[in-house]
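Thanks for coming. I will take a few minutes to walk through one model, helix by helix.

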Amino acid sequence: MYRVDLNSDLGESFGRYTIGADDKIIPLITSANVACGYHASDPVVMEKTVEQARAAGIRLGAHPGFPDLMGFGRRNMNVSPAEAKAYTLYQLGALDAFCKAKGMEMQHVKPHGAMYNMAAKDYKLSKAICEAIFEYNKNLIVLALSGGELAKAAKDMGLRTAQEVFADRAYEEDGTLVDRRKDGAMITDENEAIARVIRMVKEKTVTAITGKDIPIEADSVCVHGDGAKALAFVEKIRETLAKESIQIVSLDQIV
């Protein structure tokens, strides 16, 4: 039996600015990564997103990023491990306050944007992030790029670790994501993206941008909720997974 989690980065609106279609995406996924106020979101948005997840009966986790609202957390920052640890701890506490108030428990932690991509290549940064998670709540699952340094650091620290793949992103031969600024970084053909997901789950393989097949582990598939065709894509991927006898479950049922 093949099993996989579907996750999406949510709660990324801010004040009067709305990003994504959270209310439509949430019922179709199993795990929500909720922005914690550094790269996006605000207290009102965070509370609303937690309420929506609770109403839909899905699990949620923290989606901490660098303190970079203007850059949406996608700009690399030169921070020390101590700073990265403090940033992560601060954001875990922020989201958990709303979870506790609503009678929910956080399931996982997935860094956002530049923090995620830098951690995938930087063991020291990853270790700092994992230290914050371990000291806050060692039962939290770390959702990390398949084969990356964050996944390694989490396992080394004894944290439950789920490896994530992306339906709509191209891969380099080393398993990292192709920089968004490069041609071919985004997979825009829905059928191609879904076919890649099926192969990643069943064959544990994906074709890199160079054309070479590389190994990959798919505990969870990230489906972005802010694209123009996001809703249709999530619906289609769920339908195809069912046809391929791949069960969609939350992370805590996989790792």
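What covers the buried residues of α3? Before the answer, some ground rules. This is a predicted model, where local features need pLDDT of at least 70 and side-chain atom pairs count only at pLDDT 80 or more, while totals for chains, interfaces and linings use all residues. Residues are numbered from 1 along each chain as its sequence is written, and side-chain values use heavy atoms, with hydrogens and water left out. Helices (H or I, at least four residues) and strands (E, at least two) are DSSP runs, numbered from the N terminus.

Now the answer. The cover includes β2 (31–35), α2 (43–56), β3 (59–63), β4 (106–109), α4 (113–121) and α5. The residues being covered are Ala84, Tyr87, Thr88, Gln91, Leu92, Leu95, Asp96, Phe98 and Cys99. Buried means under 20% relative accessible area, exposed over 50%, and partly exposed in between, with a 1.4 Å probe and protein chains only.

Next, the length of α3. Its 21 residues should span 30 Å at 1.5 Å a residue, and the end C-alpha atoms are 31 Å apart, which agrees. The expected span is 1.5 Å times one less than the number of residues. Just after α3, glycine 103 has a positive phi of about 75°.

Now the helix pairs. Helix α3 (residues 81–101) packs with helix α5 (residues 123–136) at an angle of about 35°, and their axes are 8 Å apart. Axes here are lines fitted to C-alpha atoms, for helices over the stretch in contact, and angles run from 0 to 180 degrees between N-to-C directions.

For α4 and α5, the angle is about 120° and the axes are 6 Å apart. That makes α4 oblique to α5; angles under 35 degrees count as roughly parallel, over 145 as roughly antiparallel, 65 to 115 as roughly perpendicular and the rest as oblique. Here Met115, Met118, Ala119 and Lys121 in α4 meet Tyr123, Leu125, Ser126 and Ile129 in α5.

Last, two loop residues. Serine 41, in the loop between β2 and α2, has a positive phi near 80° without being a glycine. At 2% relative accessibility, serine 41 counts as buried. Phenylalanine 72 sits in the loop between β3 and α3, with a positive phi of about 55°. Phenylalanine 72 is also buried, at 16% relative accessible area.

Technical notes: Contact means heavy atoms within 4.5 Å.
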